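Let's take a friendly walk through a few local features of this model. Keep the sequence and the 3D view open as you read.

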Amino acid sequence: MTFPVTADAPVSEREALSAHVWPATARLVDGELHVAGLPVSELAGEHGTPTFFLDEQDFRERAKRFVSAFRQAFSPLGVEVDVYYAGKSFLSVAVARWAHEEGLRIDTASGGELAVAERAGIAGEDIGLHGNNKSDAEIRRAISGRVGRIVIDSLDEIEQIVACATSLGRGAQDPVPVMVRVTTGIHAGGHDFIATAREDQKFGLSLAGGTALEALSRVLDHPELHLLGAHAHIGSQIQDATAFELNARKMLTLRADLHAQRDYLMPELDLGGGYGIAYTPSETPIDVPDLAQRLADTIAGVAKELNTSVPRLSIEPGRSVVGPAMITVYRVGVVKPVVTEEGFTRLYVSVDGGMSDNIRPALYGAQYTARLANRAGDSAGALARVVGKHCESGDIILDEVIMPADIRRGDLIAVAATGAYNRSMASNYNNLLRPPVVAVRDGVARVIVRRETEDDLLATDCG
Ligand code: LLP
C-alpha cells in the first residue's frame, strides 16, 4: 500500500463536495457540512448520532426525474411508463407518500413492506408485490388489498395464488392481476449477490431453459389470473445501459414467442430497477434521460423487427431514487493510531454506529465517501480507517480514507449516499438501537423514523 501519512493540499480543498455523491442541497459553509440549509452540528445536537438525514427535496426530484424522463422518451411511441419505487431500498410511510405524490407507484417485496405502503394510504392498484417465496398470508393480503400486480416467481406459485384467490372468492369474473418474473440470463451489476437475472440463482423463471414461457402459458390456463406481462430485474448498481437494452430485447422476444404460441400479446413488460449511482467521486451515475431514450429507441426498433406493438412499460428504481439523497452522521469516539505491518500509521477512527447501520462494506466490499462534517479540520491529512463500535474487526465503514490529521473525539463524520439498503438492512447486532431517519427540507428537520429505544429492543424479549 502506498498511501501517504500526510497529503500536501488541505483536506477541505481536496475533498470539495462532489455533486453526484452528496445530496443536492449539501453545501460546505466555512468547512461545515450543511444539508437543506441546516448545519450538521445543529442536526446532530438535536437528533443525536448516528442518524440518517434524508434530503426530501432531492428524493422528490430524483423520483420525478424518472417519471418525466421515461414519459418523455416513451410518449412518442404511444405507451405509458409506470415507475415503481422499490421499497426494499428504503421504505417508510413518509417516503412512500412522497414517491406517490411524485407520480410513482410502490414496489414491495414482503408483507411488511406491503403494510408500510398500505399505512401510507397507497391504493392497492398502485402497489406491486414481489418475492421468491411468498407466504399464503402475504399473497392473501395482496389479493384482499387489490394489489395491482403480484409478480410470480416460480411454477409452484401459480397454483398457490390460484388457491388463495379461490379461497377469497376471486374467480374468472374478477381475476387477480399477475406478472411472471423471468431470468433473462444477463449478468449485470455490482457484487455477485446483487446480480439477479443470471441463470444459477434463486429468482425468477429461466428464459433459456423454457420455464418462463411455460409459466406464462400456464398462467393463461387459469381464468382466476390475469396475465399483465413479464418482469425481469437484472441486478443492481448497474452503470452500463447496454445491459438494460439487451434485457428489453430478450423480453420483447419472449412476448412475441408467447403471442405466437398462445395468441396472447402481453400488454406490459417490467424491466425492474438496478440503475447505478455514484458512491465515490470517480463513479458516474447512470444518466436517466439518456437511458430512457436508449431504451425507447431499442424497444421501438425491436418491436418493429418482431412486427409487434410496443408494450406498456414499467420500471422499479430504488437505489437511484433514495441512495444519494441520504447521509449518515456519526459522532467520533476513540481515535487510535496503529502502526501497520508495512510501517505506516493508520488512524482508526471509531464512530458510534457501524455494521448495524451499514452492512454493505462488510457484505459487498462497498465503497463510500465520507468527510469530517462539523469543521474544516487540519490542512494535513492522515490515512484513516473509519470503523464502528461492534465486536467484529470487520466492522469497517471506510477502509481507506484521508481525514484531517487533527480529527478527534466529538467530531462528526458524514458518510454520503447511504439512502439505499443501509437503514433498510440495519440490524440490532450487539443490541445497538437502529438509528432514526430525519427528513430535512428548506431549513426544517422532521423525524420520519424515530430512533429505537431499549424498550423497543426488550419489547420482543419474553423473559
Ligand atoms: N426490482 C426488483 C425486483 C429488485 O429485486 C430490486 C432490488 C429492485 C427492483 C431495485 O433495485 P435498485 O434500483 O435499488 O438497484 N442489498 C443490495 C441490493 C439488493 C437489490 C435487491 N433488489 C445492496 O445493498 O446493494
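## Aromatic pairs

Searching the whole structure turns up seven aromatic pairs. Rings of Phe, Tyr and Trp (its six-membered ring) pair if their centres lie within 6.5 Å; planes under 30 degrees apart count as stacked, over 60 as edge-to-face and the rest as tilted. One of the pairs joins Phe59 and Trp98 edge-to-face, at 5.6 Å centre to centre and 65° between the planes. This pair links distant parts of the chain, with Phe59 in helix H3 (residues 56-74) and Trp98 in helix H4 (residues 93-101), 39 residues apart. Helices (H or I, at least four residues) and strands (E, at least two) are DSSP runs, numbered from the N terminus. Phe59 and Trp98 are both buried, where buried means under 20% relative accessible area, exposed over 50%, and partly exposed in between (1.4 Å probe, protein chains only).

The model is predicted: local features need pLDDT of at least 70 and side-chain atom pairs count only at pLDDT 80 or more, while totals for chains, interfaces and linings use all residues. Residues are numbered from 1 along each chain as its sequence is written, and side-chain values use heavy atoms, leaving out hydrogens and water.

Because Phe66 lies in helix H3 and Tyr275 in the loop between strand S12 (268-270) and helix H10 (288-305), the pair ties together parts that are 209 residues apart in sequence. Phe66 is buried, with a relative accessible area of 2%, and Tyr275 also counts as buried, at 1%. One aromatic cluster is formed by Phe66, Phe70, Phe74, Phe244 and Tyr275.

## Strand S18

How many of the nine residues of strand S18 (residues 396-404) are buried? Seven are, so the strand is largely enclosed by the rest of the structure. S18 pairs with strand S17 (residues 381-387) in the antiparallel sense, over six bridges; two strands pair if DSSP finds at least two bridges between them. Val387 has Ile396 in S18 as its bridge partner.

## Around His231

His231 lies in strand S11 (residues 225-231) and is buried, with a relative accessible area of 0%. Not counting residues up to four places away in sequence, His231 touches several residues, including His130, Met179, Arg181, Asp270 and Glu316; contact means heavy atoms within 4.5 Å.

With Glu316, the His231 side chain makes a side-chain to side-chain polar contact (2.9 Å). A polar contact is a pair of N or O atoms within 3.5 Å; within protein, one must be able to donate a hydrogen and the other to accept it, and residues adjacent in sequence count only if both atoms are side-chain atoms.
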